[in-house]
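Subject: Handover of a structure

Hello,

I am passing this structure on to you. Please look through it first, then read the notes below.

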Amino acid sequence: MEIPNSAVDELARTQAEEATLAALVSQYSGTLYRVAYSVLRNPSDAEDAVQEAFLRVLRHRDTLDEVRDQRVWLIRIVWNIVLDRKRRAKTRPETDDVAELARVLPCGGLSAEQIASAAQHHAHVLSCVGKLPAKEREVLHLSAFEELTGVEIAQVLGITESSVRSRLFRARNLMADLLNHSRSLR
Amino acid sequence: MNSPSQNASAHNSISGVAAGDVSSPAETTLRLIAKLPAPEGIEDRVMAGVKAAPRGARVLHWPEVLQPAGGWMRGAAAAAIVFVVAGGGWGIYTHVQPTQPARVIALPPRAGGAGGFSSAGAMRTPQTLNGPVVGQPTTAKDGTAQPVEVKPVKKATAPMKHGRLRAVARGSASGQPGVSAVK
């Protein structure tokens with residue numbers, strides 16, 4: 001029995017799509033997870049966001065060849081998903097808890113007391129970051145990723161590079177004010 | 001011309017400076033969180049989730065058995081659809097009665113061109129007061145004009161035509177109350 005050409009093409013196309021998607025997942029899922037986790041600070045939510053990002057990629061697989069920088073494109077997708085989820089859920093991140101931060105964050109060669117103190121400090125800093133305006137906070141979050149350049153942060157946020165710089169400058173100043181204020185209150 | 005290393009440092013300016021600058025505690029904390037490794041096996045879980053998710057709509061192809069060489073079946077199906085649609089339209093057209101046009105009552109033209117109520121020839125006379133009467137100025141013997149007293153204008157009263165009002169007037173004139181005069 002002869003197999004029609006259309007069926008062969010369809011099968012080959014599906015296999016090629018799956019191979020491309022598998023390559024993208026193995027290459028970028030770690031980066032996307034870290035981006036998602038930095039905002040959501042909840043492992044399962046971050047993993048869900050990564051999965052949803054790849055589902056969106058699958059939905060728009062026809063336009064995959066037109067994408068110039070797949071890494072930035074994927075980070076932008078997951079960033080939008082994460083912001084949308086955070087806006088909808090409005091839940092307190094899991095790692096705002098000091099004990100959870102002490103468990104999660106690396107603490108090589110520190111005593112238990114130092115670990116607890118560091119975790120308390122990090123929790124305080126994160127609460128101050130949460131008080132920043134959204135635009136400044138987003139730039140500050142993304143600037144923490146060393147693999148993202150200023151141009152790439154601008155592409156992810158859909159703004160110019162000079163806007164990224166000015167927002168980062170404002171964010172640093174605001175953070176310094178917030179931390180000084182809380183120090184003076186103590 | 002810039003060397004590749006210079007270009008790279010310029011390109012990497014934001015995160016590069018941020019990486020070297022540890023003065024900001026916020027960035028230190030966020031960098032610690034950003035450096036946290038992804039959980040193991042995330043690729044497999046994500047891939048399994050993507051494969052399990054329902055795919056988007058695809059174009060359905062004809063089964064091999066129902067795919068004739070000439071494609072006459074497609075033509076027959078299209079003709080059948082056209083026949084059903086046209087037949088249904090014809091059925092509706094023949095069964096539904098057209099609505100009767102509304103009866104129009106012809107009204108005679110109005111006599112008056114303007115329309116509305118007529119005044120029936122009545123004329124409106126406005127109620128007016130009697131104006132002050134100015135007398136002729138008198139000249140004194142020495143030739144100077146003397147002022148003339150101006151009589152005050154009497155208050156205009158309506159003529160009393162009714163008998164009751166006349167009786168009241170008579171009663172008040174004779175010192176009796178008007179009510180007893182009516183009796």
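The notes below go through the two chains, some single residues and the contact between the chains.

This is a predicted model, in which local features need pLDDT of at least 70 and side-chain atom pairs count only at pLDDT 80 or more, while totals for chains, interfaces and linings use all residues. Residues are numbered from 1 along each chain as its sequence is written, and chains are lettered from A and ligands numbered from 1 in the order in which they are written.

The two chains

Chain A has 8 helices and 0 strands, in the order α-α-α-α-α-α-α-α. Helices (H or I, at least four residues) and strands (E, at least two) are DSSP runs, numbered from the N terminus. Chain B has 7 helices and 2 strands, and from its N terminus the order is α-α-α-α-α-β-β-α-α.

Of the 186 residues in chain A, 35% are buried; for the 183 residues in chain B the share is 6%. A residue is buried if 20 or more other C-beta atoms lie within 10 Å of its own, exposed if 12 or fewer, and partly exposed in between, with C-beta atoms placed from the backbone.

Contacts are counted when the C-beta atoms of two residues, placed from the backbone, lie within 7 Å. Taking contacts between residues at least 6 apart in sequence, 61% of those in chain A join residues at least 24 apart. In chain B, 6% of such contacts join residues at least 24 apart.

The core and its residues

The largest nonpolar core has 46 residues. Such a core is a set of buried Ala, Val, Leu, Ile, Met, Phe, Trp, Tyr and Cys residues joined through C-beta atoms within 7 Å. Its largest share, 11 residues, comes from helix α1 (residues 5-40) of chain A. Among the residues with the most contacts inside the core are Leu32(A), Ala36(A), Ala49(A) and Val82(A).

Leaving aside neighbours within four places in sequence, Val82(A) is in contact with Ala36(A), Val39(A), Leu40(A) and Ala49(A). Val39(A) is located in helix α1 of chain A and is buried, with 23 other C-beta atoms within 10 Å. Val39(A) and Val82(A) are 43 residues apart along the chain, and their C-alpha atoms are separated by 7.1 Å. Not counting residues up to four places away in sequence, Val39(A) touches Val82(A), Lys86(A) and His141(A).

Arg41(A) is in the loop between α1 and α2 (43-59) of chain A. Why does Arg41(A) count as buried? Because Arg41(A) has 22 C-beta neighbours inside 10 Å. Phi of Arg41(A) is near 50 degrees, a positive value in a residue other than glycine.

In helix α7 (residues 150-157) of chain A, the buried residues include Gly150(A), Glu152(A) and Ile153(A).

Buried in α8(A) are Val164(A), Arg167(A), Leu168(A), Ala171(A), Arg172(A) and Met175(A).

Helix α6 (residues 134-143) of chain A packs against α8(A) at an angle of about 100 degrees, with the axes 8 Å apart. Axes are lines fitted to C-alpha atoms, for helices over the stretch in contact, and angles run from 0 to 180 degrees between N-to-C directions. That makes α6(A) roughly perpendicular to α8(A). Angles under 35 degrees count as roughly parallel, over 145 as roughly antiparallel, 65 to 115 as roughly perpendicular and the rest as oblique. Residues making this contact include Val139(A) and Leu140(A) of α6(A) and Leu168(A) and Ala171(A) of α8(A).

Where the chains meet

The contact takes 44 residues from chain A and 30 residues from chain B. On the side of chain B that touches chain A, α2 (13-20), α3 (25-34) and α4 (42-52) of chain B are the elements that give two or more residues. The largest share of that side, 9 residues, comes from α3(B).

Regards
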